Amino acid sequence: MKRSASSVDEAEVARFSRHADDWWDTRGPMAALHKFNPVRLAYIRDQAAARYSRDAKKLDCLKGLRMLDIGCGGGILSEPLARLGAQMVGADPSNENIAVAAAHAQEGGVAVDYRATTAEELAAAGERFDVVLAMEVVEHVADVNAFVATCAAMVKPGGLMVAATLNRTLKSFALAIVGAEYVLRWLPRGTHQWDKFVTPNELELAFERAGLQVTGERGVIYNPFADRWQLSSDTDVNYMLVAERPNKEGKTS
């Protein structure tokens, strides 16, 4: 596949391609991401439902919304969003990841439009979406500002962009790298590079420069007693951010 995208980090693509067959193994290298999935799925659902006046309790609450999951990996987020009714496009620069994602969706009878491509190529083709997702992706790209600008260009007027990533703090180094990769071994060693983590302020500025207005920000923490991830005001390690493109009248809602 042609690589015209300046934001693609080929080393990161290769790293995740090596784990393509492990995406749906809930006890394998992606186990931590599977455990993280419910909280980010609920956040996306609630933000989209609120923006488009949907009932988040309905099983098809996202019906009719066209959504892009950029850097979708094996599709563990794209599939449940499709089950909630979204018209999902899952994109990833790794052919291996897309092959696994497409096979799993077909096996489960879930309709997801998977594409081995980049954000830049999608934007150049004129693709537009009600919601663009960049979940656990910005810390793996070569140029955060360029990547965000490209993704933002695909958000329709009045639409949303949601991102989840890791803050660049000493606490995140201790917990997300030393703890998660070396002590607890939740993730394969080398999954993250601390210097590529993005602070909330940096990400907010990138969104604003791309013409989006930040409307919400929440931290995500692990609760060891409940053995689950949950929303929090603590953004020192993991956090999610949502932004909206003003509509044609310049209003956000």
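This is a predicted model: local features need pLDDT of at least 70, side-chain atom pairs count only at pLDDT 80 or more; totals for chains, interfaces and linings use all residues.

Trainee: Is F36 buried or exposed?

Mentor: F36 is buried, at 6% relative accessibility. W229 is buried as well, at 16%.

Trainee: Which ring pair has planes at 55°?

Mentor: Y222 and W229, with ring centres 5.5 Å apart. That pair counts as tilted because its planes are at 55°. Y222 is partly exposed, with 25% relative accessibility.

Trainee: And which residues do ring pairs link into a cluster?

Mentor: F36, Y222 and W229.

Trainee: Back to α2. Where is H34, and is it buried or exposed?

Mentor: H34 sits in helix α2. H34 has a relative accessible area of 17%. The limit for buried is under 20%, so H34 counts as buried.

Trainee: What does H34 touch, not counting residues up to four places away in sequence?

Mentor: W23, W24, D25, T26 and I76.

Trainee: Now charges over rings. What lies over the face of Y52?

Mentor: R51 does, at 5.4 Å from the ring centre.

Trainee: What about E136? Where is it, and what is its phi?

Mentor: E136 is in the loop between β4 (129-135) and α6 (144-153). Its phi is positive too, about 55°, although E136 is not a glycine.

Trainee: Changing topic. Which residues of α8 are buried?

Mentor: In α8, residues 200-209, the buried ones are P200, L203, A206 and F207. They cover an arc of only 125° around the axis, so they lie on the same side of α8.

Trainee: What covers them?

Mentor: The cover includes α6, β5 (155-166), β6 (213-223) and β8 (238-244).

Trainee: And what follows α8?

Mentor: G211, with a positive phi near 90°.

Trainee: You mentioned β8. Where is Y239, and is it buried or exposed?

Mentor: Y239 is in strand β8. At 1% relative accessibility, Y239 is buried.

Trainee: What is Y239 in contact with, leaving aside neighbours within four places in sequence?

Mentor: Quite a list. Among them are P200 and L203. The contacts of Y239 also include A163, A164, T165, L166 and N167. R218, G219 and V220 are on the list too.

Trainee: How far apart are Y239 and D130?

Mentor: They are 22 Å apart in space, C-alpha to C-alpha. In sequence, Y239 and D130 are 109 residues apart.

Trainee: Zoom out for me. How many helices and strands are there?

Mentor: The protein has 8 helices and 8 strands. Its C-alpha atoms fill a box of roughly 50 × 40 × 40 Å, along the principal axes.

Trainee: How does the radius of gyration look?

Mentor: The protein has 17 Å. A compact globule with 253 residues would be near 18 Å, so the value agrees.

Trainee: What share of the residues is buried?

Mentor: 52% of the 253 residues.

Trainee: And what about contacts between residues 24 or more positions apart?

Mentor: Those account for 68% of the contacts with a separation of 6 or more.

Trainee: Last one. What does the accessible surface come to?

Mentor: About 11500 Å². Carbon and sulfur atoms hold 51% of that surface.

Conventions. Residues are numbered from 1 along each chain as its sequence is written. Side-chain values use heavy atoms; hydrogens and water are left out. Helices (H or I, at least four residues) and strands (E, at least two) are DSSP runs, numbered from the N terminus. Buried means under 20% relative accessible area, exposed over 50%, partly exposed in between (1.4 Å probe, protein chains only). Rings of Phe, Tyr and Trp (its six-membered ring) pair if their centres lie within 6.5 Å; planes under 30 degrees apart count as stacked, over 60 as edge-to-face and the rest as tilted. A charge sits over a ring if NZ of Lys or CZ of Arg is within 6 Å of the ring centre and within 35 degrees of the ring normal. Contact means heavy atoms within 4.5 Å. The arc is that of the directions from the helix axis to the C-beta atoms. The radius of gyration is taken over C-alpha atoms; the globule rule is 2.2 Å times the number of residues to the power 0.38. Accessible areas come from the Shrake-Rupley method with a 1.4 Å probe; for residues, only the protein chains shown count as cover.
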